[in-house]
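Here are my notes on this two-chain model, in the order I'd go through them with you. Have the viewer open while you read.

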Amino acid sequence: MYDNPDLARTTVTRDIKIAAHGCQVYYGDTHAIRDVDIDIEDKTVTAFIGPSGCGKSTFLRCLNRMNDTIDICRVEGDIRLDGEDIYDKRVDPVQLRAKVGMVFQKPNPFPKSIYDNVAYGPRIHGLARCKADLDEIVESSLRRAAIWGEVKDRLDAPGTGLSGGQQQRLCIARAVATEPEVLLMDEPCSALDPIATAQVEELIDELRGQYSVVIVTHSMQQAARVSQKTAFFHLGSLVEYGETGHIFTNPTDPRTESYITGRIG
Amino acid sequence: MPVLWLVLIVFALGALGFVLGRRRALGGAGGDIRLLHSLPSYYGTNVTLLTVVPALFLLGIWLLVQPVVVDARVSAMLPDSAISEGTTRDLVMSDVRRIAEGLDKAVAEGAMTHREARDIRAEFTDVRNRLGAVGVALGSTVGAPELYAAQRYRRIAGEGSLAMTGVVLALALGGVALSLIRTTPSFRARNTVETGIRYVLIFAATIAILTTIGIVLSLVFNTIDFFRLYPAWDFFFGTTWSPSFGGGSELGILPLLWGTFYISIIALAVSVPIGLFAAIYLSEYASPHVRAFAKPMIEVLAGIPTIVYGLFALLTVGPLLLKVFGQDGVGIMQAGTAVMTAGLVMGIMLIPFVSSLSDDIINAVPQSMRDGSLGLGATRSETVRQVVLPAALPGIVGAILLAASRAIGETMIVVLGAGAAANLSLNPFEAMTTVTAKIVSQLTGDADFASPEALVAFALGMTLFVITLGLNVFALYIVRKYREQYE
């Protein structure tokens with residue numbers, strides 16, 4: 001299924017977390033995603049790169065069925081999480097989204113306190129038995145999102161009052177708090193300055209220990225820095241997918257090469 | 001010259017000025033518009049504005065000021081002897097004005113010549129009969145001083161109108177001439193027009209504000225008159241409302257305020273949940289097709305005249321409630337007109353008000369909030385309850401307060417649905433009445449306009465105005481505070 005069979009052999013074998021086969025997405029009459037086949041590994045950071053409008057965000061949103069909230073969107077094909085078809089009728093998209101967390105392009109903290117922002121998911125899903133449990137979940141999530149030190153004294157302050165980088169890390173803490181298995185990140189750093197970006201990237205690298213992370217990014221440097229596997233999308237198709245080092249140094253497809261060297265995109 | 005003609009002439013001059021200005025500008029540039037500072041039509045517009053605006057502005061001011069000046073001058077000429085016992089100078093002046101109008105009318109209909117109208121004397125002619133013949137009814141026989149004053153009145157007013165015509169026309173012509181002289185290719189007509197338009201817009205805004213102030217002032221002065229005749233304490237804290245035009249009426253506002261608030265509370269209890277839930281459905285759940293159909297349908301409710309709602313209350317809801325709660329049913333309702341009837345119908349009237357404002361506010365909550373919540377595995381209703389509504393709450397409260405001030409000011413539904421008795425009672429199935437309904441009944445009677453029974457209407461209106469103004473200001477304050485959150 002890889003463009004280059006040799007590449008598959010050089011891959012360190014990890015468990016496959018998400019497997020997509022023949023995935024098609026339509027927005028009304030527009031065919032947005034064509035025939036995407038991809039195996040996303042567990043405990044790996046996978047980067048989706050490609051020019052704007054190439055469908056990488058759309059495909060990302062298929063992985064936790066966020067596209068269900070868009071009326072005109074239609075998804076076909078087979079996407080499996082741990083071998084289970086997530087588009088099966090028996091699957092509850094709400095449960096799925098608890099397992100496949102998502103961080104968005106623009107930081108979107110709820111207009112609530114920092115504590116309530118993080119506690120939102122655990123409360124909905126009943127993850128805490130008592131207040132002490134919840135306190136612990138909030139603290140460990142904020143610690144994992146590397147923001148605990150900055151906010152521990154003002155957990156009651158509104159989340160919207162934080163700086164952009166802090167807000168994004170708060171959103172990551174919020175996503176982490178529901179204990180997802182996969183974390184989807186849709187251009188998480190595009191609204192952040194370089195310092196905040198570095199903090200978030202560091203965080204992504206740490207999160208790799210527990211989760212499978214999928215990140216959509218416009219920055220090829222970022223993809224090269226944080227990811228182990230990279231997928232290049234172009235005009236709704238998956239052009240090339242492989243080890244990040246391989247994609248950036250020795251791409252197989254001429255389109256990939258053109259894009260990473262800056263000739264198209 | 002009638003004012004209408006004057007206005008038309010000024011406009012004609014303006015139109016002529018447009019053509020002339022445009023032509024002069026083009027002529028100055030030798031027909032090449034690239035040599036002009038502005039497009040030719042700007043030169044024309046400049047001439048038109050300078051012709052029409054000052055002339056009409058002066059005309060408006062003159063029309064406002066002239067009656068006051070004429071009144072003052074004629075009134076000063078009235079000898080004290082003409083003001084008999086039991087009347088006032090103001091009353092005599094209103095007679096004088098009526099006579100003057102009557103003379104005008106008689107002349108216009110050919111029943112009198114100009115000369116006659118100017119020279120007739122009360123001693124020789126029965127002016128009352130002569131004017132009665134052309135349909136102007138005068139209360140008493142016309143005395144010599146009044147008739148003389150009326151003739152002076154006519155003369156001064158006539159002179160004033162003539163002067164006004166002259167000055168306005170001169171100003172318009174001067175405007176044409178001045179602006180035509182200034183029309184050269186290098187003249188910055190575009191910028192001048194821009195300034196002119198700004199002043200026209202400012203003027204329009206000022207009119208709206210001045211009108212508001214005028215309404216408030218008229219309420220204030222009449223209210224003060226009322227409180228001279230009736231103690232304020234008894235008005236604000238009296239618990240009985242029983243006006244009797246013969247005198248000795250008790251005009252306590254409390255029963256009316258209670259009725260107003262009771263009916264409003266029932267109306268809000270109906271409209272807020274229904275309107276809010278409808279708004280949530282429309283903005284969060286409904287597909288675009290349903291929304292495109294349902295939203296206008298709900299807003300049709302807002303277009304129904306309140307008198308129709310009143311009929312609905314009187315003919316449908318009242319009898320229906322009576323069937324259930326009346327003598328044959330629960331037995332706590334005496335008649336179809338009751339607080340409950342009016343409250344329910346008013347609630348229906350307010351549904352579109354609440355729903356469409358709330359819908360706008362809920363839609364203003366950024367989609368990223370919903371995505372964030374859904375992305376964490378929340379259901380739609382959890383998202384609405386925990387994220388969307390808290391974020392929209394200040395705005396929704398604002399919408400509810402605006403609906404409340406509508407409810408408090410509503411009249412027709414109450415007149416038809418709630419009955420006319422001013423009661424202080426807790427039973428929602430009893431007839432009560434509101435401040436607005438009583439304003440109507442106090443002013444539509446045959447009352448003497450200077451009696452406390454009629455003047456109380458202004459005090460009621462003032463109280464209502466202060467309450468709704470307070471609610472509106474509070475609502476706007478909340479809505480504005482909410483807006484700052486997302487912009």
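1. Let's begin with A:E187. With 21 C-beta neighbours inside 10 Å, A:E187 counts as buried (the rule: buried means 20 or more other C-beta atoms within 10 Å of the residue's own, exposed means 12 or fewer, partly exposed is in between, and C-beta atoms are placed from the backbone). A:E187 sits in the loop between β7 (182–186) and α8 (194–207) of chain A; helices (H or I, at least four residues) and strands (E, at least two) are DSSP runs, numbered from the N terminus. Its phi is positive, about 45 degrees, although A:E187 is not a glycine.

2. Some housekeeping. The model is predicted, so local features need pLDDT of at least 70 and side-chain atom pairs count only at pLDDT 80 or more, while totals for chains, interfaces and linings use all residues. Residues are numbered from 1 along each chain as its sequence is written, with chains lettered from A and ligands numbered from 1 in the order in which they are written.

3. A:A146 is another non-glycine with a positive phi, here about 55 degrees. This residue lies in the loop between α5 (131–144) and α6 (148–151) of chain A. A:A146 is partly exposed, because 16 other C-beta atoms lie within 10 Å.

4. Now A:I18, in strand β1 (residues 16–27) of chain A. A:I18 counts as buried because it has 24 C-beta neighbours inside 10 Å. Leaving aside neighbours within four places in sequence, A:I18 is in contact with A:I40, A:L63, A:I79, A:R80, A:L81 and A:V182; contact means C-beta atoms, placed from the backbone, within 7 Å. A:I18 and A:K99 are 81 residues apart in sequence, and 12 Å apart in space, C-alpha to C-alpha.

5. A:Q95 belongs to helix α3 (residues 93–99) of chain A. Buried or exposed, given 11 C-beta neighbours inside 10 Å? A:Q95 counts as exposed. Its C-alpha is separated by 9.6 Å from that of A:N64, 31 residues apart along the chain.

6. On packing: the largest nonpolar core has 156 residues, and A:V214, B:V345, B:V354, B:A403 and B:I413 touch the most other members. Such a core is a set of buried Ala, Val, Leu, Ile, Met, Phe, Trp, Tyr and Cys residues joined through C-beta atoms within 7 Å. Helix α12 (residues 339–364) of chain B supplies the largest share of this core, 15 residues. Apart from it lies another core, of 21 residues, including B:A25, B:L36, B:L50 and B:F187. As for A:V214, its contacts beyond four places in sequence are A:I40, A:T46, A:F48, A:L60, A:L63, A:V182, A:L184 and A:M185.

7. Which parts of chain B touch chain A? The contact takes 17 residues from chain B and 24 residues from chain A. On the chain B side, α13 (367–375) and α14 each supply at least two residues, and α13(B) gives the most, with six. By class, that side has eight nonpolar, seven polar and two charged residues (Ala, Val, Leu, Ile, Met, Phe, Trp, Tyr, Cys and Pro count as nonpolar; Asp, Glu, Lys and Arg as charged; the others, Gly among them, as polar).

8. Take a look at α14(B), which bends by about 60 degrees at B:L393, with a proline, B:P394, following within four residues. The bend is the angle between axes fitted to the seven residues ending there and the seven starting there.

9. Chain B is divided into domain 1 (3–187) and domain 2 (241–486), with bounds from an automatic or database domain assignment. The C-alpha centres of these two domains lie 47 Å apart.

10. Last, B:G132, found in helix α5 (residues 127–133) of chain B. B:G132 is partly exposed, with 13 other C-beta atoms within 10 Å. B:G132 and B:G102 are 30 residues apart along the chain, and their C-alpha atoms are separated by 8.6 Å.

Definitions and conventions
Contact = placed C-beta atoms within 7 Å.
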